[in-house]
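Welcome, and please keep the sequence and the model side by side as you read. The report below walks through a few features worth looking up.

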Amino acid sequence: MEVHYRGMTRDDIRAGMRLKDLAGWNQTARDWERFLEANPEGCFVAEASGRIVGTSASIVYERRLAWVGMVLVDPEFRRRGIGLRLLDIVLEFLDARHIPTVKLDATPEGRPIYERRGFVAEYAIERWSLERPTPPARPAEPLPALLPTILKMDCEVFGSDRSWLLSSVDRDAPEFTLAHEAGGHVVAYALGRHGSRADHLGPWMAATESVAEEILDNFLRRSARQTIFVDLVKAHPLAEKILRSRGFVFSRPLARMVRGPNTHPGCPELLSAVLGPEFG
Ligand SMILES: CC(C)(COP(=O)(O)OP(=O)(O)OC[C@H]1O[C@@H](n2cnc3c(N)ncnc32)[C@H](O)[C@@H]1OP(=O)(O)O)[C@@H](O)C(=O)NCCC(=O)NCCS
């Protein structure tokens, strides 16, 4: 079987969504567009037998940190080296542009191929989910513009400026953009996305338990969906306890992995939950 690799275009998003659905993931066509808008030459597909059977995508933050996401292979075509080749193509692209650090959030299935290419585990992340029999009937209105302060704080917490990405997330779901200020400083913030299967809270940052709870409860009131996903940072001292108390249950493990120098790690200890495995 011959496999052909090429750059991804907008016309391939439908095929990307097919692979994403086969994996049971939560992304939307907008998420693929975010990759293609931010890094149009850094997204790839594998074609075999006239159809797209694999994808990989990347996004670059401040030319010093790249994120690899959407590494997906059609179940019928797995274990033939396509996933590893798609990873190699995206890494060759990033290396040619001298991006020193590459990160990703690996599923247990993906982890072996990343380890083979020198990625090492940084910290553990877990997908937790909530099923609500009766979600709020009507979603809430957006709050007054808080984004500029959130973007500044996120740059410190995440370790790189990803204002473009978070602004796009805010545009699509402004009612989920939340912040708590105290003494002129942002002490908590969150954004969220309307995924294909669930509303997804993240990033979710909070300095104390009470503001973390306030942000989560506000998000839950603002979502009209039955299912909610959160990708919590396992080492965070409070996030799991708070999620359990609201009825969330463990769904699956992920490992944040890094290749190259981790010179701008940010402050993961302040993060209750990441934006999402595909974007960091
Ligand atoms: C993870 C994923 C992308 C891997 O894709 P893949 O095409 O099966 O990957 P590869 O074939 O390159 O490698 C997978 C395994 O097959 C083995 N393999 C590669 N070529 C092979 C061949 N010709 N014959 C048999 N095995 C082979 C590899 O050695 C590897 O083995 P290991 O897992 O024991 O290390 C795929 O399983 C997938 O889409 N999973 C669901 C989504 C997901 O979790 N993505 C990762 C996100 S981080």
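## Salt bridges between the domains

Across the interface of domain 1 and domain 2, the rule finds four salt bridges. In this predicted model, Asp-95 pairs with Arg-259 in a salt bridge whose closest N and O atoms are 2.9 Å apart. Polar contacts can be counted here too: 15 residue pairs are in polar contact between domain 1 and domain 2, both residues being at pLDDT 80 or more.

Which elements of domain 1 give two or more residues to the side that touches domain 2? They are helix H2 (29-38), strand E3 (51-61), strand E4 (65-73) and helix H3 (82-96). H2 gives the most to this side of domain 1, with five residues. Sorted by class, the side of domain 1 that touches domain 2 has eight charged, seven nonpolar and four polar residues.

## How the two domains meet

Let us step back to the domains themselves. The domain assignment of the protein gives domain 1 as 3-99 and domain 2 as 127-273. Their C-alpha centres lie 25 Å apart. In terms of contacts, 19 residues of domain 1 touch 22 residues of domain 2.

The area buried between domain 1 and domain 2 is about 1,700 Å², and carbon and sulfur atoms give 49% of this area.

## Aromatic pairs

How many aromatic pairs does the structure hold? There are seven aromatic pairs. One to look up is formed by Phe-44 and Phe-93: their ring centres are 6.0 Å apart and their planes are at 70 degrees, so the pair is edge-to-face, planes over 60 degrees apart being counted that way. This pair links distant parts of the chain, with Phe-44 in strand E2 (residues 44-48) and Phe-93 in helix H3, 49 residues apart.

## Salt bridges in the whole structure

Taken as a whole, the structure holds 32 salt bridges. Side chains of opposite charge can pair when their charged atoms come close. Because Arg-111 and Glu-115 are four residues apart in helix H4 (residues 111-116), about one helical turn separates them.

## Backbone details to check

Two spots in the backbone deserve a look. Most residues other than glycine have a negative phi, and most peptide bonds are trans. The peptide bond from Gly-202 to Pro-203, however, is cis, with omega near -5 degrees. Pro-203 is found in strand E9 (residues 199-206).

The other spot is Glu-62, where phi is near 55 degrees, a positive value in a residue other than glycine. Where is Glu-62 found? Glu-62 is in the loop between E3 and E4.

Definitions and conventions
Residues are numbered from 1 along each chain as its sequence is written. Side-chain values use heavy atoms; hydrogens and water are left out. Domain bounds come from an automatic or database domain assignment. Contact means heavy atoms within 4.5 Å. Buried area is the accessible area (1.4 Å probe) that two parts lose on being put together, summed over both. A salt bridge is a side-chain nitrogen of Lys or Arg within 4 Å of a carboxyl oxygen of Asp or Glu. A polar contact is a pair of N or O atoms within 3.5 Å; within protein, one must be able to donate a hydrogen and the other to accept it, and residues adjacent in sequence count only if both atoms are side-chain atoms. Ala, Val, Leu, Ile, Met, Phe, Trp, Tyr, Cys and Pro count as nonpolar, Asp, Glu, Lys and Arg as charged, and the others, Gly among them, as polar. Rings of Phe, Tyr and Trp (its six-membered ring) pair if their centres lie within 6.5 Å; planes under 30 degrees apart count as stacked, over 60 as edge-to-face and the rest as tilted.
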